[in-house]
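Subject: Structure handover

Hello,

Here is the structure I promised to pass on. Please open it first, then read my notes below.

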Amino acid sequence: MDYAAVVGVEIFYAVAVLVLISAGLAVIFGMMRVINLAHGEFLTLGGYAAIVSHQAGVNIYLAMLVVAPLVVAVFGVLVERLIIRWLYGRLINTMLATWGLSLAMMGAMTMIFGNTTTGIATPIAGFTFGRYQLSGYNLFVILMAIVVAVGLYLALKTTRAGLIARGAMQNAEMTSAFGYSPSRVYLITFAAGSALAGLAGGVMAPLVGLNPASGANYIAKAFITVIAGGASVVSGALASAGLFGVISQTFTLLTTPAVGEIALLVVAIILLRLLPTGITGRFFKGRV
Amino acid sequence: MFARDVLPALIIGVPAMFVLPMLFDAYTLTVLTAYALLALSLGFIWGFAGILCFGQAAFFGLGAYSFAIAALNMGSAWGPFFIAILVPAVFAAVFGALLFYGRLSDVYLAVVTLVMTLILFKFMNSSAGEIYKLGDARLGGYNGIPGFETLTIPWDPGEYLYDESLFYFAFGLLVLVYILLRVLLKMPFGRALVGIRENEQRAELMGYDIRLMKTIAFSIGAAIAGLAGCLFANWAEIVTPALFSLGQSAEIIIWVIVGGAGTLLGPVVGAAILGYTKFLLGQQSLIDNTFVLGVILILAVLLLPQGIFPSLVRLWHWLLARLPSAAPLRRRSGRSRRDKDV
Amino acid sequence: MKLNRRTLLKGAAASAASIAMPQVVMGADNIKVGSIIDTSGIFDLYGKPMDKAVTLAIEEINESGGLLGRQLEKIDYDTQSDMALYTQYAKKLTRSDKVDVVHGGILSASREAIRPTLRKSKTLYFYNVQYEGGVCDRNIFCTGITPAQQAEVLVPETMERWGKKIYTLAADYNYGHITAKWIQHYAKENGGEVVQTDFFPLDVADFGATIAKIQDAAPDMIMSALVGGAHLSFYRQWAAAGMNKKIPMASTTMGVGNEHVVLTREEGDGIMMVYSYSKELDTPENKAFLSKWDARFGNSDDLHELAVATYQGMHLWAEGVRKADSIDREKVIEALESGVSFDAPTGKISLDAKTHHAVTSVHLIEVGDQKMNVVKSFGERQPVDTQGVCDLEANPDDNQQYEISI
Amino acid sequence: MSNRVELESRGLGMQFGGVHALAGVDFKLRRQELRCLIGPNGAGKSTFFKCVCGMLKPTAGDITIRGQRTNGLLPHQVARLGIGIKTQVPSVMNGLTVRENLWLAARRDNTSAVANRLVADIMDRLLITDLAAELLETLAHGKRQLVELGIVLAGQPWLILLDEPAAGLTADEVDRMIDVITDINRESSLIIVEHDMHFVRRIARQVTVFHQGRVLIDADVDTVMASQDVRDVYLGKQV
């Protein structure tokens, strides 16, 4: 029984990680039809921001939850102005340009931080659950994923900014008719997506050994989660993160991590073959 | 067709084959040739059939692995040479049919091909155990497969193709594949492929079975990538899962886009230049190599979205049009705009 | 034309080294030492200090008058953690640079990529890295430690301290699989058992499910042969769950990438391992070595087992050349086989003629306060794993890497 | 005029989610007929059109073309039965020249030599020979409509479906289009979906009016124009 609970937490945790690492990508893809292949490096940048600021004496929660998103959001603004804005509407070109950005960031971070693995210790101690030890930090990650998902849903659904953003995605001209410049809406959306990536990077930092190539571990999973989720930002990411998290974790527990990862990928292919516009393209049309 | 497509390739290709080894090391040229062939494979399916495959490295790797595994089992290398072309082609035909008959395109196609590459990559990486064995060949996991037979001169089995002879062989194949592709593109099938790239719906309404045609094109591309993989295996004498990696896939796309998608020569030139650049960058440690490649890709997408080669062609026509005797030439430049298959 | 090509290449490859040391100064008479190591890309963490070690050893030898009255010249290439570049540069080193010896390679894949080239071109090769063992080729000398040399000491020592039930975690590639076998072998030999062995692809960074599984199996100790940056996450997540207080851990790999410095005291303290080198070794040779390293490179923060092995490999080769009184490959190999040794930072190191592997000291180490504290030292450990499969004295033409079956 | 029925639908239905875009359409087209489909927006005429040419698979009923049931055939299979289709927004190959566009359509069933001749004939007939080497992306809308018609003709169809051929054309171009259509009708049957009543009045003999996914009336043009029901539909009254 205790073991079942431990396994359950692990599965929730896996889903939560997928939600966290794909939220930023989902916002940018769902709202702007831009696929940011440098998303993994955005996460890594968030991780470095958290680690460096923490090592410089900033409180760890402040570093993870405030500094990391801020740094990456500012960086996102630069990227949007310098690269993305020239390529709106050209999906493949944005993918290629951001792939280039991904390589360039990886290289730049190597030059700046060196290729050593760094990290910070988790700020929350483990606790005992029956016969088992559970990581308190895993629960924190699950909590953060819930906060991100609910927050995103509410922001898009209930706030004025969310409404404008959704309007701009449907019809850019209408937004400008209302007096909002679509260019600014895009900029802010991209910054918000970047901030989410930074947040995820910050939250994940204490769990992993971070190095400039770490982003590669995330991007494929985040990318698959978002595309398989389809166009609806929150429900899509949640649905596919749920599916993939359960599958990969179940296979990992029953067999080996390699099989777990391959199972996830195989399911992704089958899913996209059957539902070529993603889960929400089929089942949750038009929802947030 | 001969005068316009075959002859120029021969006029440039054959002398190049003999001049290049005097300027550069043959072993560097050989791997650049394999890369060029790989770029050509993606240049064909992306530039002419409109299939953006994010996982062309999968076929490259499959070709190399098929060769290595077959060579270990068969003990000779010419049978494996053909197997290395056939296996990726068949794999791509099956996989392509799965995708194209399911009407996947654009981003979704990109994702699925990428995922397929990841699967192969992860599988090969975790095949270190003893159970992963095909005949006499252990897959070897992360460390790959070393120690297989390589190609010999067909009429003299004792004489290995290596160094300069391997380069001549590889380069000859590159020229041959290039010519075959040009001829193919002039044939109704090739023209229809371009039609599909331009407008799938219209091609369908004309009565072309685009699912079948894309599958065939995909398979041809995979066969060429497999050939490139086979040459690579012969050159490196080891195959590792890195051949399937995302980085490898990224590089192929970079070669094609920098060289110029929509042309055949562009990807070849792109691969040669960038492959050599990477090699040169390895001899210095001031600036990170990955950084340079990334910046090149960003700049290429932003500034030269059509690629270096078509941009040069345009510049050439622009210059010609401004020469005093430009009048007759101007008309020709109009013609060459449509000849996208440079 | 030949000249044309060379100038073209040299001109284009204006590396920092060749600027600092213009071509004219490099006399034709120099002994050329080729070095190919990943000093960028994902393995540069290992490669950069190794490159420094080569530099330091060459400078030492040159300061003491060189070899055979000739100066050593370092010709190095960065393989950028790309296996394809290994083959390429190996061919360049042997065909156009015509070096007298090659030191280099980090991953086994990189070694296997260049070993055939170097053998064919009859260029002596030193592979100075801890690896899975089993390479049997008269052209190569492997100066790093192999799994049996570690497990032979580590398994019984830790079982005695912690108990007999072992749960093994290993990287999913050759090294991991072979090391796991040796752990099992020595566990059985000492009356213990390995309850479970899990393999992890090198890019797996999430160990939550595994930690749950381990708890379910309730072993007395963990044996880790995890490798690389992603696997570092395991130690972190292990500690985050509070498991480090409950189940002790030993490792054959932790510390090579200076993981014990990246991990906090909380996370790392108490982990035990066996290596041939620790910076904390209290010997005059090590003290001298550390001060030389510090003087040359400022600090020794990045120094690790592989760099020291590289340094020792360079010196062992130099001893061989001195003894052979020639740079001829055959004579140097014979000299090395006849028994040369070097009083190294790790303790005395020599070469086993049968296998061309190192006979070296190993030390039982416990991490404490982010340091690798030496608990106990063991001298002259034979490369027993490779000795079980390889005998170059009997079969000098042997040329393969044996998979050791136990 | 022969009386043979060449295209027929029986009880054709198409449902999207809960919406019935088509609710039991019975339709017959005889040889060499020129039929116009009209109706207000959302009446189902475009859906009907798409079901016939294979872009949509009907959820109920049957379509029979020259005796062969075609439900579930794909567009290229329908096209191969000898049916030419011009879509609402000109669907042409922008990066190719006019000649290449036509050639691709002509070459499918013919040898290169025959295709070349056919392309030359059609360009003559449509008076677009001077545009032969122009890229489609450089052409104005009216020319693109003509070229698309040329593509359709190059497939030598016996039945042609045109979706709003007059949309966006200038008055002169409409005149040209009408001439061409009349000319085509000498050999082939035509179904034309059109909004523009003036245009319909000028070319049509028989008109089918769609309303709410059904056929409201199927009669000659004068009857239709005089019908009170049709007027109500166009004025938005419920019938």
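The notes below go through the chains, their contacts, the core and some local details.

This is a predicted model, in which local features need pLDDT of at least 70 and side-chain atom pairs count only at pLDDT 80 or more, while totals for chains, interfaces and linings use all residues. Residues are numbered from 1 along each chain as its sequence is written, and chains are lettered from A and ligands numbered from 1 in the order in which they are written.

**Chain contacts**

Two residues are in contact if their C-beta atoms, placed from the backbone, lie within 7 Å. Four pairs of chains are in contact, and chains A and B share the most contacts.

Start with A and B. Here 34 residues of chain A are in contact with 33 residues of chain B. On the chain A side, α4 (91-113), α9 (215-229) and α11 each give two or more residues. Helices (H or I, at least four residues) and strands (E, at least two) are DSSP runs, numbered from the N terminus. The largest share of this side, 16 residues, comes from α4(A). By type, the chain A side divides into 27 nonpolar, five polar and two charged residues. For these classes, Ala, Val, Leu, Ile, Met, Phe, Trp, Tyr, Cys and Pro count as nonpolar, Asp, Glu, Lys and Arg as charged, and the others, Gly among them, as polar.

Now A and C. In this pair, 35 residues of chain A are in contact with 34 residues of chain C. The elements of chain A that give two or more residues are α1 (2-32), β2 (132-134), α5 (136-158), α10 (233-254) and α11 (257-274). The largest share, seven residues, comes from α1(A). This side of chain A divides into 18 nonpolar, 16 polar and one charged.

Chain D has no contact with two of the chains. No contact joins chains A and D, whose closest C-alpha atoms lie 11 Å apart. Chains C and D do not touch either, and their nearest C-alpha atoms are 39 Å apart.

**The core**

The largest nonpolar core has 444 residues. Such a core is a set of buried Ala, Val, Leu, Ile, Met, Phe, Trp, Tyr and Cys residues joined through C-beta atoms within 7 Å. A residue is buried if 20 or more other C-beta atoms lie within 10 Å of its own, exposed if 12 or fewer, and partly exposed in between, with C-beta atoms placed from the backbone. The largest share of this core, 21 residues, comes from α1(A). Among the residues with the most contacts inside the core are A:Val19, A:Leu20 and B:Leu37. Leaving out residues up to four places away in sequence, B:Leu37 touches B:Leu173, B:Leu174, B:Val177, B:Ile224, B:Leu227, B:Ala228 and B:Leu231.

**A helix in chain B**

Helix α11 of chain B covers residues 265-281. How far apart are its end C-alpha atoms? They are 24 Å apart, which agrees with the 24 Å that its 17 residues should span at 1.5 Å a residue. The expected span is 1.5 Å times one less than the number of residues. Its buried residues include B:Leu265, B:Val268, B:Leu274 and B:Phe279. Among the elements that cover the buried residues of α11(B) are α10 (246-259) of chain B and α4 (83-97) of chain C.

**Domains of chain C**

Chain C is assigned domain 1 (15-145 + 282-361 + 381-401) and domain 2 (147-275). These bounds come from an automatic or database domain assignment. The domain centres, taken over C-alpha atoms, are separated by 29 Å. In chain C, 16 residues of domain 1 are in contact with 14 residues of domain 2.

**Strands**

In chain C, β3 (residues 101-104) and β4 (residues 124-127) run parallel, joined by three bridges. Two strands pair if DSSP finds at least two bridges between them. C:Val102 has C:Tyr125 in β4(C) as its bridge partner.

Chain D has an open sheet of four strands in the order β2-β1-β4-β5, with antiparallel pairing. β2 and β5 (68-69) stand at the edges, each with a single partner strand, so one side of each is left without a neighbour in the sheet. β1(D) and β2(D) form a hairpin with two residues between them. D:Gly17 in the turn has a positive phi of about 60°. D:Gln15 stands opposite D:His20 in β2(D).

Best wishes
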